[in-house]
Amino acid sequence: MELSQLCTILGAAQSSNPQQRNAAEQTLLQFQHSPGQLVNLLRVAVEESVDLGTRQAAAISFKNLVRKDWEGAGSSGSAIPEADKAAVRDNLLEGIVRAPPLVRAQLGECLKSIVYSDFPERWPLILEAVQQQLATQEQARMRGALYALRILARKYEFKDEEERGPLAPIVAGFLPPLLQILQNLLALNSASLEVAELLKLVLKTFWSATFMGVPAVLLRPDQFTGWTGCFLELIRRPVPQEGQPQDWELRKAWPWWKVKKWTLHVAHRLFKRYGDPRGLAEGWPERAFADLWRRHCSAQFLQAQLELLALVPAGHYVSPRVMNLALQSVTDAVALSSTWKLLRPAMAELLTMVVFPALCFDDEDALLWRDDPQEYIRKGYDIMEEMYNSKTAAMNLVHELCKLRPRGNLDTFMKLCVGVMNEFQAAGANAPVEQVRRMDGALLAMGALSDVLKSKEPYKQQLEPMLVRYVLPTFGSQAGHLRAKAAWVAGQFADIRFRERPGEGALLPRGAGATFQGLFQSVLGLLRDVDLPIRVDAVAALRNLVEAFDDDHLDTIKPLLPELLNLLFALMVEVVESEDLVFTLETIVEKFGEEMAPYAVGVCQHLTQAFWRACEQENGAGDDDSDDGEGALAAYGCLRALYTVLESVSGLPQLLPQLEGILFPIMQRMVSTEGQDVFEDVLEIVAYFTFFSPEISESIWSLWPQIHQCFHEWAIDYFEHILVPIDNYITRGTEKFLSNPTFLQQATAMAEKALRNEDLAEAEAECAPKVLELVLQACRGRVDHCVGHYIALALDRLPSAERSLLKDLLVNVVANALYYNPALALRELQQQSRLTTFFSTWFQMIFATQRRTGKHRHFRRMHDKKVNVLALAAVLGAPDAALPREVAAGLPQLMAGLLRLLVALKQQQEELEADEDDDDGSGDAAEGSDSDEEVADEEEEEEAHSRRRGEAGGSTSGGLGDDEDEDVDTDYVKRLARKHARRKGLRHEESGSEDEWTEDEEEGTALQDIEPFSVVADTLRGVQAHNPARFQVLTSGMDASAQTALQAMMLHAEAPRQET
């Protein structure tokens, strides 16, 4: 397509005539991959003779095409011709240099996409182009080159060390010339916005280039002194006054304040990481840099930031983010003795003149409260806003100061706050606005210090009188923000113990007393306040008050439940993204348990509606970075609360069909790619219905194929969470599971994929043998065709397994196969030529002990012992014709292994019972504790290292990363697995005590009613009666201790029968 024709079509694409616009868009779509089309779009975008609207349309079309098709998808690759790609790479940087700002922004996005895709393999020459542009010293070319350099550095900003190789030459080659550019720009002493933009690009490039560590070039004296000197000068240099916007939002984004922000951002990170060299290893570049920083920079940078903060009481504007970063640096300086000595003399004035005023309600707060209460709420409860605003930084400084350096500082600051509150009360209803706002700051400070005040004398004794004197009266204030702050403070102190009378009398249980009731009733009253922010703060405070409520006094608020729930539901409609509303509802449900049953349907309906609204908000945000994922957080909160409701009515199966109907649309839609952000939470709800429903419904069964599809497409790392509903499907819906061969095929396929995936962490791979075990146990006698395949899968993976638990689980698969059908399993082991190898490995594991403790190294869980006992008993009782010669010859060893496991199992049961009698369920004395797991893994790691050293001529390479249990924060997501694993006997996770898997926890499993001691006793009696020769072989070689142990086991086996 010719340029003139392309310009005409781009112009038509902006037409107000829908037909003309649609026709033009279709033409662009038709020719988008034609040779030369992408290059022509770039040419139009940078052609100065073309009108700006057409150039911008060309740039947008160019950007969309690059984003969509540059990399391509699947095996077909990119639809853009390689010649066009090469031409774009050769000319894009020049285009950015020549383009006006609106077009440059679009082309910059394209540069980012192409760099992330092609550098360094397909675009190594970009570094040379950047170097040439920087050498010209022309500001336009310098800006383009700096922009490109920033993108190159940012590509590797968060990469692991092994992936950051291409960054090293960038840093080594460009940091010195970047420093020269920075020094030249500072020497200009110019107030132009163009200079500010260049400075910002240099700072941002430095940030990205040094994010993961200190490059060696920075240790050169000229580079260290040069860079830190420039940073210090930028902190101290006043921001130009001329041209500063008057509008708050525009002023925050003004380029010179951005320069100041990025300078402080860099300085704060350097101080936080390198302010204390003691935490860094000797010989590392970071340690050398930290030594230099401490000697030459810490004091100067801290002083410069104190001078910057001193501008605030002098009446000068300091942007909130700049103030936030400066206060963060001061907060970090409090903890280090070297910087605290410098900071201490200035602290009293800093608290009075800077920190306390930052805590107070201000003009911006008032404007938002009046004109946009939704935005006021969002900013107040948005995590990202809290991280970046000056109020939060001031709160953190006060808290850390009074916690780490309480002597003198806590008393001084509390004296200031109490004085402010006394002045406010003395002024009465006519208190001026400034005094009202200072009262807000004093209450905020009081709440921010709640944990410190609760633990420090004499304050912890004075909390109740303080609440009575200053907080309770504030609930009646005419200032709405004070009423909201009173509710917040009440929530912060809800968990303290109050007295019979304010400040005197005996201490009462938490959640009791006249003062507590006064706070509770005051907060309840605010739920009907006319101001929306007050109602939201009251709901957040109500959560803490309900949590603190003494269970013996819950009857006093039960009559309020219907009205309280209605108020919460109404508020959830008004405020879509507030997690705190959902958390409060969740707390109420948890507190009242099954008493919530009459309201469960209504609560689930409202939470479901809130979930869909939150999803719409998140989807509507699109690429808008300002959203910061509030919709996703709210959606997560709704799911969490929904599960809490389900838990509360788990004993009322008659409610489940109705609740399933309400929640099924969420499960159906979110068990998909669309639901990746909430996949774990939705699976938890699916697991609930598959476990508690009297029968798994057809609707819930329809989710199985979706779960399987997610697993194979993207969700293999979620196997631990997928396992819970899969377990329930197989064990509680066995007939349905077997009625459709696809279910069995898909269960096997999931396990096989996990076992054969070399990139999957072993902790996740452990789920695979559990699936195989489930099938063999639940479908005993009905899946003969799977036995050989399952044995092969387990034993193929066993040699490469490193974690003890994974080894145990893989052997358990074969043990389950032997219990399933010993003749079939032994035949399969023979046909696969694995018989001797497996039995040798099996018995090594049974008899292996930990060198440090003498306890079993393998099969530490009670379930493992039970499975292996049943397998050994099945082999011992198999017909002679089914026993291969090698196994028959080793029958005495099988008997010895069986006895060893039985003795250990009995001991473990006794220790667990003793722990329960002592009302201590930790199981510290029993095998399978976390320390045992660690000892075993450490010993196996040492042995593996020994083998590697022997093979590699004495190499002593470091340990394996996944030898230890993964430390994953799944406190909420695993709650169902924890609770129902105890009911069902399936340990879907590792916990601090492997012995927790007891017989009582096997409810709902195929092994639930199997008593291993009885099985062994019956097997041995059967052998003795029908095959006395084998019985003689089994027992003749026993020594006295073994015979005693066997007799004890036989007697122990009779105990359950006598009880029944």
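Visitor: Is Phe859 buried or exposed, and at what relative accessible area?
Guide: Phe859 sits in the loop between helix 45 (835-847) and helix 46 (862-876), a helix being a DSSP run of H or I of at least four residues, numbered from the N terminus. Buried stands for under 20% relative accessible area, exposed for over 50% and partly exposed for in between, with a 1.4 Å probe and protein chains only. Phe859 counts as buried because its relative accessible area is 0%.

Visitor: What kind of model is this?
Guide: Residues are numbered from 1 along each chain as its sequence is written, and side-chain values use heavy atoms, with hydrogens and water left out. Local features need pLDDT of at least 70, side-chain atom pairs count only at pLDDT 80 or more, totals for chains, interfaces and linings use all residues, and the model is predicted.

Visitor: What is the phi of Phe859?
Guide: Most residues other than glycine have a negative phi. Phe859 is not a glycine, yet its phi is positive, at about 55 degrees.

Visitor: What is the relative accessibility of Gln137, another loop residue?
Guide: Gln137 belongs to the loop between helix 7 and helix 8. Its phi is positive too, near 65 degrees, and it is not a glycine. Gln137 is classed as partly exposed because its relative accessibility is 44%.

Visitor: Which residue is joined to Pro120 by a cis peptide bond?
Guide: Most peptide bonds are trans. Pro120 is in the loop between helix 6 (101-118) and helix 7 (126-135). The bond into Pro120 is cis, with omega near 0 degrees, and it comes from Phe119.

Visitor: What is omega for the bond between Glu457 and Pro458?
Guide: Pro458 lies in the loop between helix 24 (450-455) and helix 25 (459-471). The bond joining Glu457 and Pro458 is cis, with omega about 0 degrees.

Visitor: How far from Glu660 is the nearest side chain of opposite charge?
Guide: Glu660 is part of helix 33 (residues 656-670). Beyond its neighbours within four places in sequence, its contacts (heavy atoms within 4.5 Å) include Met667, Phe689 and Ser693. Glu660 is buried and has no salt bridge, meaning a side-chain nitrogen of Lys or Arg within 4 Å of a carboxyl oxygen of Asp or Glu. The nearest side chain of opposite charge is Arg732, at 9.5 Å.

Visitor: What is the relative accessible area of Glu161, a member of a negative surface patch?
Guide: Asp160, Glu161, Glu162 and Glu163 form the patch, whose definition asks for over 30% relative accessible area, no salt bridge and like charges joined within 9 Å. Glu161 lies in the loop between helix 8 (139-155) and helix 9 (167-188). It counts as exposed because its relative accessible area is 68%.

Terms used. Helix = DSSP H or I, 4+ residues; strand = E, 2+ residues; numbered from the N terminus. Lys, Arg positive; Asp, Glu negative; His and termini not counted. Patch = residues over 30% accessible without salt bridge, like charges linked within 9 Å, V, L, I, M, F, W, Y side chains within 5 Å. Areas by Shrake-Rupley, 256 points an atom, 1.4 Å probe, with all protein chains shown as cover. Charge placed at Lys NZ, Arg CZ, Asp CG, Glu CD.
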